[in-house]
Amino acid sequence: MQIRLDKYLADAGIGTRSEVKNLIKRKAVTINGICAAKPETKITPDADEIAVNGSLVAARGLVTYMLHKPAGYVCAVKDDRFPTVMELVPQNRDLFPVGRLDKDTEGLLLITNDGMMAHRMLSPRSHVDKTYLAVLERPAEKAYMDLFSAGVDIGDDTPTLPARLVICDDDSQELNYLPEEYRAYSDSGRVVLLTIQEGRYHQVKRMFHAMGNEVLYLKRLSFGSLVLPMSLKKGEAVCIEALPVM
Ligand code: URA
């Protein structure tokens, strides 16, 4: 069965008909590696490889975006008070954010219509690593490392699962993600990387609070095997192919 390229892309959740026409016009779409010229081009979904910005489009109509979430947006499908992350991806009424980042947290957020993938990524049983870059109010103490790896009481029924803390120094690659205003802190012990395997409410902030410290800035750098690309600007989203989960 053959269908029009723009219909195929819209059905796959890449965007509305006019958004996908725009993508085709901007030469972002390829058919078997060759740039697609027209929205009305007929394709055979079972035989042709369609890619957007180099990423294969999942034929099942499942679509996942990686968003570089800026501060100020809430992770909800709808909100009466604040802008939502859904405003930053092409419209598709079945999409939802995979877990939550706080309104003031930046970084890697997945937005998808793939419920199974979201469940696998979020389930505490899957032990999917999430790494955060944080700027603290005061220098981190070395003792936090052992305390975090043993699990911390943050006021829930159970302590947190073991977490890994790295205190950054001037050589840390991850400092490239720090906003200009925090660059001065790069060697002060106040810039840290924390890798956790759960997604409890305000978890990173509450873990440092339990140490008598506070988080001033928070950005998620990775989620499972996915790393926030340096080239993805705040507020931008890329459509990614079926996920290499965990
Ligand atoms: N932990 C937090 O405290 N906030 C987030 O947004 C994510 C993890």
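Entry 1, terms and overall layout. Helices here are DSSP runs of H or I with at least four residues, numbered from the N terminus. I am working from a predicted model. I counted secondary structure for the chain and got 5 helices and 15 strands. I then took the extent of the C-alpha trace, which spans about 60 × 40 × 35 Å along its principal axes. For burial, I noted that the chain has 246 residues and that 48% of them are buried.

Entry 3, the ligand site. Which residues surround the ligand? I listed Leu101, Asp102, Thr105, Tyr132, His202, Gln203, Val204, Lys205 and Leu218. I sorted the shell by element and found that helix 5 supplies the largest share, with 3 residues. The side chain of Thr105 has an N or O atom 2.8 Å from an oxygen atom of the ligand. From Gln203, a backbone N or O atom lies 3.4 Å from a ligand oxygen. Lys205 also has a backbone N or O atom by a ligand oxygen, at 3.0 Å. I then looked up the area: the ligand taken alone exposes 240 Å², and the protein buries 96% of that. I compared the ligand position with the pocket list, and the space taken by the ligand is the largest pocket.

His202 sits in the loop between strand 12 and helix 5. Its relative accessible area is 28%, so I filed His202 as partly exposed. Asn53 has a positive phi of about 50° too, and is not a glycine. I placed Asn53 in the loop between strand 5 (50-52) and strand 6 (55-56). Is Asn53 buried or exposed? With a relative accessible area of 56%, Asn53 is exposed.

How many salt bridges does the structure hold? I counted 11. I went through three of them in detail.

I began with Arg17 and Asp6, whose side chains meet in a salt bridge at 3.7 Å, N to O. This pair links distant parts of the chain, with Arg17 in helix 2 (residues 17-25) and Asp6 in helix 1 (residues 5-11), 11 residues apart.

I turned to Glu106 and Lys219, which form a salt bridge with the closest N and O atoms 3.0 Å apart. Glu106 belongs to strand 9 (residues 106-112) and Lys219 to strand 13 (residues 215-223), so this bridge ties together parts that are 113 residues apart in sequence. I checked both ends for burial. Glu106 is buried with a relative accessible area of 7%, and Lys219 is buried at 3%. The cut-off for buried is under 20% relative accessible area, so both values qualify.

I then took Arg206 and Asp156, with the closest N and O atoms of their salt bridge 2.6 Å apart. Arg206 is in helix 5 (residues 203-210) and Asp156 in the loop between helix 4 (143-150) and strand 11 (164-167), so parts 50 residues apart in sequence are tied together. Arg206 is partly exposed at 22% relative accessibility, and Asp156 is partly exposed at 30%. I also followed shared partners: salt bridges join Arg4, Asp6, Arg17 and Lys21 into one network.

Where is Ser186 found? I located Ser186 in the loop between strand 11 and strand 12 (191-196). Its relative accessible area is 13%, so I noted Ser186 as buried. I looked for a side-chain partner and found Asp170, joined to the side chain of Ser186 by a polar contact of 3.2 Å.

Note on methods
Residues numbered from 1 in each chain as written. Predicted model: local features only at pLDDT ≥ 70, side-chain atom pairs only at ≥ 80, totals over all residues. Heavy atoms only, no water. Salt bridge = Lys/Arg side-chain N within 4 Å of Asp/Glu carboxyl O. Helix = DSSP H or I, 4+ residues; strand = E, 2+ residues; numbered from the N terminus. Buried < 20%, exposed > 50% of the residue type's maximum accessible area, 1.4 Å probe, protein only. Near = heavy atom within 4 Å. Polar contact = N/O pair within 3.5 Å; in protein donor to acceptor, adjacent residues only side chain to side chain. Areas by Shrake-Rupley, 256 points an atom, 1.4 Å probe, with all protein chains shown as cover. 1 Å grid on protein atoms, 1.4 Å probe; cavity = no way out; pocket = protein on both sides within 12 Å on 5 of 7 lines; lining within 4 Å. Sits in = over half its atoms within 2 Å of the grid points.
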